Amino acid sequence: MSTVWTEAEAPSVAAAAPRSDVKIERETHKLEKRLCREVGKAIVDFNMIEEGDKVMVCMSGGKDSYTLLDILLKMKARAPIHFDLVAVNLDQKQPGFPEHILPEYLATTGVPFHIENEDTYSIVKKLIPEGKTTCSLCSRLRRGILYRVADELGCTKIALGHHRDDILQTLLLNMFFGGKMKSMPPKLVSDDGKHVVIRPLAYVAEKDTARWSAHRNFPIIPCNLCGSQENLQRKQVGEMLREWEKKFPGRVENMFNALQNVVPSHLLDAGLYDFKNARATGVASEDGDKAFDKEEFTAPSPSLPGVGVVQVVQLSS
């Protein structure tokens, strides 16, 4: 089923094209196929989009939301089901916000769009002291407005542009500062219980949305209200993940895979596993504890990035 969502093969490059142009086009084609494949896989794995859905694509003017809309338009053209898209932007009346950019761009895509005008900027600046992080209040205000707009437009799904790196950052932020094993789900019912929120870019690496955005030359709009603030915890965690990926290629991907391979009996949440009533059964199980074994893990060697060599890390008991 998932194959029907993938990108079709592109025409071959003309023989007369310069070698460098051929390489660039080949790499761009590979990137497009990967984006379509990963978005298609997420849609199928989590049943994000169904027959007859009207999907509200939230557009911030950043690289991720542009990429989300662009790839969903490709998916729509090739999907085995019918669904509709409507792009929605919330103009929060930030000083100097170039309000013409998104409408002009969206008009070129042919997708229906709606611009909602709400002065949340003044509310945030009034309530949050100078120098304090505005993201939390801004997010709550924006969320409530977008839920209302989804109702007014008759949308059945709300699509957000969060990608794999956002999901991992949220996991670490909750672990470091919230004391929870919690991240961004690929699909969830909204907090008001009325909407289904989806994240079709859940499997997509941020570096790929950045590359696609550069290739497509999207008219990026910076977020001067929250994105430009320095020393945000999310920014610091993001930098940490990027540094890990440079030094230990594959580590970030392994962390993401771990979110899909949870073993409740080997954590400490009594709400997920009944530790109190655990009893010996006399039946062997691969999921059983190996208390006296030393754990061994494999990881890419930091000294040989990109080479298929692994190092064995042994943890002493």
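**Ser65 side chain**

The backbone nitrogen of Gly61 sits 3.4 Å from a polar atom of the Ser65 side chain. The backbone nitrogen of Ser60 is 3.2 Å from a polar atom of that side chain.

A note on what I'm looking at: this is a predicted model, where local features need pLDDT of at least 70 and side-chain atom pairs count only at pLDDT 80 or more, while totals for chains, interfaces and linings use all residues. Residues are numbered from 1 along each chain as its sequence is written, and side-chain values use heavy atoms, with hydrogens and water left out.

I then checked contacts (heavy atoms within 4.5 Å). Leaving out residues up to four places away in sequence, Ser65 touches Cys58, Met59 and Ser60. I also took a C-alpha to C-alpha distance to Ile220, and got 10.0 Å for a pair 155 residues apart in sequence.

Buried or exposed, this Ser65? I used relative accessible area with a 1.4 Å probe and protein chains only: under 20% is buried, over 50% exposed, and in between partly exposed. Ser65 has 4% relative accessibility, so I put it down as buried.

**Helix H2**

Ser65 is in helix H2. Helices here are DSSP runs of H or I with at least four residues, strands are runs of E with at least two, and both are numbered from the N terminus.

**Ser213**

Next I went to Ser213, in helix H7 (residues 206-216). Ser213 is buried as well, at 6% relative accessible area. Which residues does Ser213 contact, leaving aside neighbours within four places in sequence? I found Lys63, Thr67, Phe218 and Ile220.

**Salt bridges**

My rule was a side-chain nitrogen of Lys or Arg within 4 Å of a carboxyl oxygen of Asp or Glu. That gave me 19 salt bridges.

- Lys30 and Glu27 meet at 3.5 Å, N to O. They are three residues apart in helix H1 (residues 19-45), so about one helical turn separates them. Lys30 is partly exposed at 42%, and Glu27 is partly exposed at 31%.
- Lys157 and Asp53 meet at 2.7 Å, N to O. Lys157 is in strand E4 (residues 157-159) and Asp53 in the loop between H1 and strand E1 (54-58), so this pair ties together parts 104 residues apart in sequence. Both Lys157 and Asp53 are buried.
- Asp191 and Arg143 meet at 3.3 Å, N to O. This pair links distant parts of the chain, with Asp191 in the loop between strand E5 (187-189) and strand E6 (196-198) and Arg143 in helix H5 (residues 135-153), 48 residues apart. Asp191 is exposed at 59%, while Arg143 is partly exposed at 31%.

**Aromatic pairs**

I paired rings of Phe, Tyr and Trp (its six-membered ring) if their centres lie within 6.5 Å, with planes under 30 degrees apart called stacked, over 60 edge-to-face, and the rest tilted. I got seven pairs. Tyr105 and Phe218 have ring centres 5.9 Å apart and planes at 85°, so that pair is edge-to-face. Tyr105 is in helix H3 (residues 101-109) and Phe218 in the loop between H7 and helix H8 (233-247), 113 residues apart. Tyr105 is buried at 15%, and Phe218 is buried at 7%.

Tyr273 and Phe275 also pair edge-to-face, with centres 4.9 Å apart and planes at 65°. Tyr273 is partly exposed at 33%, and Phe275 is partly exposed at 32%. I also noted one aromatic cluster made of Phe46, Tyr203 and Phe256.

**Whole chain**

Last, I looked up the totals. The protein chain has nine helices and eight strands. Of its 317 residues, 36% count as buried.

Notes:
Polar contact = N/O pair within 3.5 Å; in protein donor to acceptor, adjacent residues only side chain to side chain.
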